[in-house]
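Trainee: I would like a close look at one part of this model. Please keep it to a single chain where you can.

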Amino acid sequence: MGDHAVDALLRVGDSCLVLAQRLTAWCGHAPALEEDIALANVALDILGQARGLLTRAGEIEGAGRDEDALAYLRDAPDYRNLLLVEQPNGDYGTTMLRQLLFDAWAVELWPALVFSTDPVVAGIAGKAAKEAAYHVRHSASWVVRLGDGTEESHQRMLAALDMLWPYAGEAFLDDEVDVAAAESGLMPLPSSLLPAYRHRVESVLAEATLPVPPDPWWQRGGRQGSHGEHLTYLLAEMQVVHRAHPDATW
Amino acid sequence: MVTVQDAWDLLADVPDPELPTVSVVDLGIARDVHYDGDRLVVTITPTYSGCPAMREIEHDVKARLAERFADVEVRTVLSPPWTTDWITDAGRAKLAGSGIAPPGARMLPLLVQGRPEMCPHCGSTAVEELAGFGSTACKALWRCTTCREPFDYVKAH
Ligand SMILES: [Zn+2]
């Protein structure tokens, strides 16, 4: 294993990390106490998954970087997360739709990673698979509730879908890193997860009385390090304390 | 020499930081204890990936065992993944006794949270989910429609 393995693990790990950071911004601000608690729980699970993958990526890289070095000391162009997860929280419907588009990917990815040739990744996946299944139950139920809700909530979900749908396809576009990771048995080929993903997302949208938009030109580049400006601001907030006090402990 | 069984006895007194009525043994978090030479090695496993209590559990386990063991190492392993099936019968009884419904059987697909068998307050089986997430990663919030009391439920996982 080599560079492709590090990159492939960061693509998943960074996606989890950035989404966890986004979700924590709801802490204390969610529309109901139960949802505040739910998002904090989901964020904690996803952050735990990220920690495992970043730690493993650092071990394979062999350059002495641990999870903190990878999380706090890389700039945006070195992040490999999906563009989807760096999109702003918006209203609660936007956050829940973004979550569904992520969870529906995660719930296919983790069970496949249980069979990774890397035993550490397989161990992380064994836990994460159960968590992802619980998360998607939550996000799907909110997309249905808001899509098939009031005229106002329906319109908001249509707007969220319009904004987020172009980011839904990036996770399934294979490149040479993915092919190498798949050939080594580290990870499944991203495109292999698409049929199940499509089926799940389309079923939820149908139940939510939301139309399945036609396939756009999928926004891409996050997994190769090309990000929008949103990520820079997110990282600045996430990293500022660590960078200001590099060796602080408490 | 202090034995592995002595270590288990001490661990049975280490409460879970978030569910202090049960121990790390009751919950199935402490998985294995053995000697590696003169060193006692304890294996623990997290309940959820993001369980914020793992560090504290590791610290508490070490501190408790240090009372009788000179050289203790605590290892954290992820695999096989923790499941609520590992909560002991004694642990289930303690949870119920403190008003927390123990996990029901896991259903197929494995990924469903199951449901409480009964209200831990009055024993009624007429219960419904209020929220899928609760005050800790392992719990959901349910309520009894007979006595009207809400209660925590340890999700089947
Ligand atoms: Zn009752």
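Read along the sequence, which pattern does chain B follow?

Mentor: Chain B follows α-β-β-α-β-α-β-β-β-β. That gives three helices and seven strands. Both are DSSP runs numbered from the N terminus: helices are H or I with at least four residues, strands are E with at least two.

Some ground rules. This is a predicted model, in which local features need pLDDT of at least 70 and side-chain atom pairs count only at pLDDT 80 or more, while totals for chains, interfaces and linings use all residues. Residues are numbered from 1 along each chain as its sequence is written, chains are lettered from A and ligands numbered from 1 in the order written, and side-chain values use heavy atoms, leaving out hydrogens and water.

The C-alpha atoms of chain B fill a box of roughly 55 × 30 × 20 Å along the principal axes. Of its 157 residues, 45% are buried. Buried means under 20% relative accessible area, exposed means over 50%, and partly exposed lies in between (1.4 Å probe, protein chains only). Take contacts between residues at least 6 apart in sequence: 53% of those in chain B join residues at least 24 apart. A contact means heavy atoms within 4.5 Å.

Next, the surface. Chain B exposes about 7,300 Å², and carbon and sulfur atoms supply 52% of that. Accessible areas come from the Shrake-Rupley method with a 1.4 Å probe; for residues, only the protein chains shown count as cover. There are 15 positive and 22 negative side chains in chain B, with the centres of the two sets 5 Å apart. Lys and Arg count as positive, Asp and Glu as negative; His and the chain ends are not counted. Each charge is placed at NZ of Lys, CZ of Arg, CG of Asp or CD of Glu.

In soluble globular proteins, nonpolar side chains tend to be buried together.

Start with B:Arg75, in strand 3. B:Arg75 is partly exposed, at 33% relative accessible area. Leaving aside residues up to four places away in sequence, B:Arg75 touches B:Asp36, B:Val41, B:Val42, B:Thr43 and B:Ile44. B:Thr3 lies 72 residues from B:Arg75 along the chain, and their C-alpha atoms are separated by 19 Å.

Move on to B:Pro80, in the loop between strand 3 (72–76) and helix 3 (89–97). A cis peptide bond joins B:Ser79 to B:Pro80, with omega about 0°.

Finish at B:Arg148. This residue sits in the loop between strand 6 (139–144) and strand 7 (150–154). Phi of B:Arg148 is positive, about 70°, although the residue is not a glycine. With 56% relative accessibility, B:Arg148 counts as exposed.
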